[in-house]
Amino acid sequence: MMTRRLIQLFTGLAMYGISLAMFIRAGLGLDPWDVFHQGTANRTGLSIGLVVIIVSFLVLLLWIPLRQRPGFGTLCNAVLVGVFADIGLAVIPAMSHLGGQIGMLAGAVLLNGVASACYIGARFGPGARDGLMTGLARRTGWSVRLSRTLIEITVLAIGWLLGGSVGVGTVVYALAIGPLVQLLLPLFMVPAAVPETAGEAPAPVR
């Protein structure tokens, strides 16, 4: 069972990073956090993968006042998604025609859904951004939905001001990813008898 969980975790995180690269190559807009990552990368000259890693560890610092505890999967998430995003960008070409862009966007959404179901289902702990959302909800008494909305609106606005890509892909991701992960998660969820890592969150956000 542990072998399965580890394979799921690492495969899911690799696919998540590749899906981020596909969103960028589609050129039709990114999810809120990646709008922020891309905008920051544009302004700093760093690769987007490195920005993802740096932001992940900065967000983990915000866990301290929220009394969140990272799991093994949390730390793997913080590093591997960014690494595989840069690998994906190195091998996936940009789409120059609308048909190719739409196909790339659809593939990115689907791959992201599978990736999210894989790493959440492995039960090794949430990503840094997941924990920020759930920790804020627990400490303030807000709903998880409200906490997520406020966080994502904030990072989306900042990312857009920094030059990150907002477009139809942003809307498609927002509408599709929740139902897609809900559909796929039962296929990848490790049986509940396996002890869960403290602080695990079900939301498909890194």
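Axes here are lines fitted to C-alpha atoms, for helices over the stretch in contact, and angles run from 0 to 180 degrees between N-to-C directions. The model is predicted: local features need pLDDT of at least 70, side-chain atom pairs count only at pLDDT 80 or more, and totals for chains, interfaces and linings use all residues. Residues are numbered from 1 along each chain as its sequence is written, and side-chain values use heavy atoms, with hydrogens and water left out.

**View 1. Helix α1 against helix α4.** Helices (H or I, at least four residues) and strands (E, at least two) are DSSP runs, numbered from the N terminus. The axes of α1 and α4 lie 7 Å apart, at an angle of about 40°. The two helices are therefore oblique to each other. Angles under 35 degrees count as roughly parallel, over 145 as roughly antiparallel, 65 to 115 as roughly perpendicular and the rest as oblique. The crossing of α1 with α4 is right-handed. A crossing is left-handed if the near helix is turned anticlockwise from the far one by less than a right angle, and right-handed if clockwise.

**View 2. Helix α1 against helix α5.** Helix α1 spans residues 2-26 and helix α5 residues 98-121. Their axes are 8 Å apart and meet at about 160°. α1 and α5 therefore run roughly antiparallel. Their crossing is left-handed. Residues of this contact comprise 18 nonpolar, eight polar and one charged. Ala, Val, Leu, Ile, Met, Phe, Trp, Tyr, Cys and Pro count as nonpolar, Asp, Glu, Lys and Arg as charged, and the others, Gly among them, as polar.

**View 3. The F23 and Y173 ring pair.** The whole structure holds five aromatic pairs. In one of them, F23 and Y173 have ring centres 5.7 Å apart and planes at 75°, so the pair is edge-to-face. Rings of Phe, Tyr and Trp (its six-membered ring) pair if their centres lie within 6.5 Å; planes under 30 degrees apart count as stacked, over 60 as edge-to-face and the rest as tilted. F23 sits in helix α1 and Y173 in helix α8 (residues 168-188), so the pair ties together parts 150 residues apart in sequence. F23 is buried, at 1% relative accessible area. Y173 is buried too, at 6%. Buried means under 20% relative accessible area, exposed over 50%, partly exposed in between (1.4 Å probe, protein chains only).

**View 4. The F72 and F124 ring pair.** The ring centres of F72 and F124 are 5.6 Å apart and the planes stand at 70°, so this pair is edge-to-face. F72 belongs to helix α4 (residues 72-91) and F124 to the loop between α5 and α6 (128-140), so parts 52 residues apart in sequence are tied together. F72 is partly exposed, at 43%. F124 is buried, at 7%. F10, F72 and F124 form one aromatic cluster.

**View 5. Two loop arginines with positive phi.** Most residues other than glycine have a negative phi. R67 has a phi near 60°. R67 lies in the loop between α3 (48-66) and α4, and is exposed at 65% relative accessible area. R123 also has a phi near 60°. R123 lies in the loop between α5 and α6, but is buried at 7%.

**View 6. Cysteines C76 and C118.** The whole structure contains zero disulfides, a disulfide being a pair of cysteine sulfur atoms within 2.5 Å. For C76, the nearest cysteine sulfur is that of C118, 14 Å away. C76 is buried at 12% relative accessibility. C118 is buried at 5%.
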